[in-house]
Amino acid sequence: MSKQIRFNAFDMNCVAHQSPGLWRCPGDQSWRYKDIEYWQDIARIAERGLFDAVFIADVLGTYDVFDGNDLAAIRQGAQVPVNDPVELAAVGAAVTEHVGFGITAGTAFEHPVPFARRLSTLDHLTKGRVGWNVVTGYLPSAERNLGQHDLVEHDARYDHADEYLEVIYKLLEGSWEDDAVVRDAESGVFTIPEKVHHIGHHGTFFDVPGIHLSEPSPQRTPVVFQAGASPRGVRFAAENAEAIFIGGPTKEVARSTVQRIRKALVDAGRGPYDAKIYLLSTIITDETAAGARAKHADLLSYASVEGTEVFFSGWLGVDLAGYDLDAPLGDVQSNAIQSALAAFQGDNERGETWTVRDIVRLGGIGGLGQVFVGSPSEIADTLQDIVEETEVDGFNLAYATTPGTFEDVVDLVVPELQRRGVYPQEYAPGTLRHKLLGAGDRLPANHRGAQYRVGGPLSTIDDVTGTGRPGPASGPGRATA
């Protein structure tokens, strides 16, 4: 049987997520991002389409690289205003049974102790359907808002994230034993104290001596999502991620990224397919090819050139306001999303150097991802071809308009893929982790985080007295399976 194709709905708690200007298009409802009912509608649509998850991006700053300020970002509604993503997992889970929810949160923006409690809370409320998209940040404005003078150097952000994940794993995996909560009314004991352990973490960036504040949730550690594709980001993803999101303007770039990730997974002591890889894409479809192309042309008429330059300036770390539209991007250095910059410093589909005009044309709809336009049959052909040639597991679907883009995929493309036997007919039971990987609810034994379980090789617990000692991997160093 052909490989099964997987989908996520890629959204953000804002108006203009990946396609600036399209909020003006009749029928777009992204302006309803403030309403519970909107997010519940998105969750229901995703579940009807058997999507793996609703993946919700986030930023904590404005896109102010373009022209050296955030005026254009504010004017265009380019990911500002933006609300918090975390609450949306519980909101969507309340009206669905199976679809997962991936929430984005940065390791630089909240101490791991309260964030670990937030993760456990969401995992309890969703009955094990939550994932955490780990980001290190790429917007200088976010760092300044939190008191930093500028964005920390790219690789150093991952060093900090390494220890952040170590603390999270110690709290979620190594503090509470599975049978700590007994709720014994006769003895008056709710939790056995000897089965709840202080983690005793003393590292380079964090000192966390105490216990996790929440009892174990269905997954303990939610599914770890990650989107780094730079060399340092790939290493981090290989050690931690169970679902990895990649971009790429061409099939060749995507194939190269997948190959690097599969190798890095093996180097980290895991299997090459221990993480699902999703390619960022936008699908424009209609019942006929002509209808799809007419729809695409209409959508393009609403795309904002200025908004696209705002986004790409932030993503690439290059002020595109200083470039002529027909100038090649050139050899510049970036402290932002390095993999994105590298993708646009090679040759485009014409075998020529990417120009700013190429980038604006490509990114007006769908941002850093590819856009596929066609009838359901044509789209299915394209997706199957990409999966075969790149070895991605599925597609992280951005929208042109919402919920219309998602509804088109669910109503037109999903049935075509199902007819071909390359898309699920029903959900697997269990938690998000089991649905994705089919190996149970908890982290597998070869995952970095599993090593911090009580009794594991990197456990910080000396005995059952609840005390802890610094683990052998304390500090920014990485654990290996």
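The legends below accompany several close-up views of one predicted protein model.

The model is predicted, with local features requiring pLDDT of at least 70 and side-chain atom pairs counted only at pLDDT 80 or more, while totals for chains, interfaces and linings use all residues. Residues are numbered from 1 along each chain as its sequence is written, and side-chain values use heavy atoms, with hydrogens and water left out.

**View 1. The whole chain, for orientation.** The protein chain has 15 helices and 13 strands; these are DSSP runs numbered from the N terminus, with helices (H or I) of at least four residues and strands (E) of at least two. Of its 481 residues, 57% count as buried, where buried means under 20% relative accessible area, exposed means over 50%, and partly exposed lies in between (1.4 Å probe, protein chains only). The accessible surface comes to about 18400 Å², and 52% of that belongs to carbon and sulfur atoms; the areas come from the Shrake-Rupley method with a 1.4 Å probe, and for residues only the protein chains shown count as cover. Among contacts with a separation of 6 or more, 76% involve residues 24 or more positions apart. Contact means heavy atoms within 4.5 Å.

**View 2. Helix H8 against helix H13.** Here H8 (residues 251-267) packs on H13 (residues 376-390) at an angle of about 45°, with the axes 9 Å apart. That angle makes H8 oblique to H13. For reference, axes are lines fitted to C-alpha atoms, for helices over the stretch in contact, and angles run from 0 to 180 degrees between N-to-C directions. Angles under 35 degrees count as roughly parallel, over 145 as roughly antiparallel, 65 to 115 as roughly perpendicular, and the rest as oblique. H8 passes H13 in a right-handed crossing, meaning that the near helix is turned clockwise from the far one by less than a right angle, with anticlockwise being left-handed. Lys251, Ala254, Arg255 and Val258 of H8 meet Asp385, Ile386, Glu389 and Thr390 of H13. By class, the residues of this contact are three nonpolar, one polar and four charged. In this scheme Ala, Val, Leu, Ile, Met, Phe, Trp, Tyr, Cys and Pro are nonpolar, Asp, Glu, Lys and Arg are charged, and the others, Gly among them, are polar.

**View 3. Helix H13 against helix H14.** The axes of H13 and H14 come within 9 Å and cross at roughly 60°. The two helices are therefore oblique to each other, and H13 passes H14 in a right-handed crossing. On the H13 side the contact uses Pro376, Ser377, Ile379, Ala380 and Leu383, and on the H14 side Leu412, Val413, Glu416 and Leu417. This contact has seven nonpolar, one polar and one charged residues.

**View 4. The enclosed helix H12.** Six of the eight residues of H12 (residues 356-363) are buried, so this helix is largely enclosed by the rest of the structure. The buried ones are Val356, Asp358, Ile359, Val360, Leu362 and Gly363. Their cover includes helix H10 (305-316).

**View 5. Aspartate 286 and its surroundings.** Aspartate 286 sits in the loop between strand E11 (276-285) and helix H9 (289-300). Its relative accessibility is 24%, so aspartate 286 counts as partly exposed. Beyond its neighbours within four places in sequence, aspartate 286 is in contact with Gly291, Ala292, Lys295, Gly374, Ser375, Pro376 and Leu412. Of these, Pro376 and Leu412 also take part in the contact between H13 and H14.

**View 6. Tyrosine 158 in helix H6.** Tyrosine 158 belongs to H6 (residues 154-174) and, at 5% relative accessibility, counts as buried. Leaving aside neighbours within four places in sequence, tyrosine 158 touches Thr136, Gln226, Gly228, Ser230, Arg232, Gly233 and Phe236.

**View 7. Backbone details worth a look.** Most residues other than glycine have a negative phi, and most peptide bonds are trans. A cis peptide bond joins valine 80 and proline 81, with omega about 5°, and another joins threonine 402 and proline 403, with omega about 0°. Proline 403 is in the loop between strand E13 (394-398) and helix H14 (404-419). Glutamate 391, in the loop between H13 and E13, has a positive phi near 70°.
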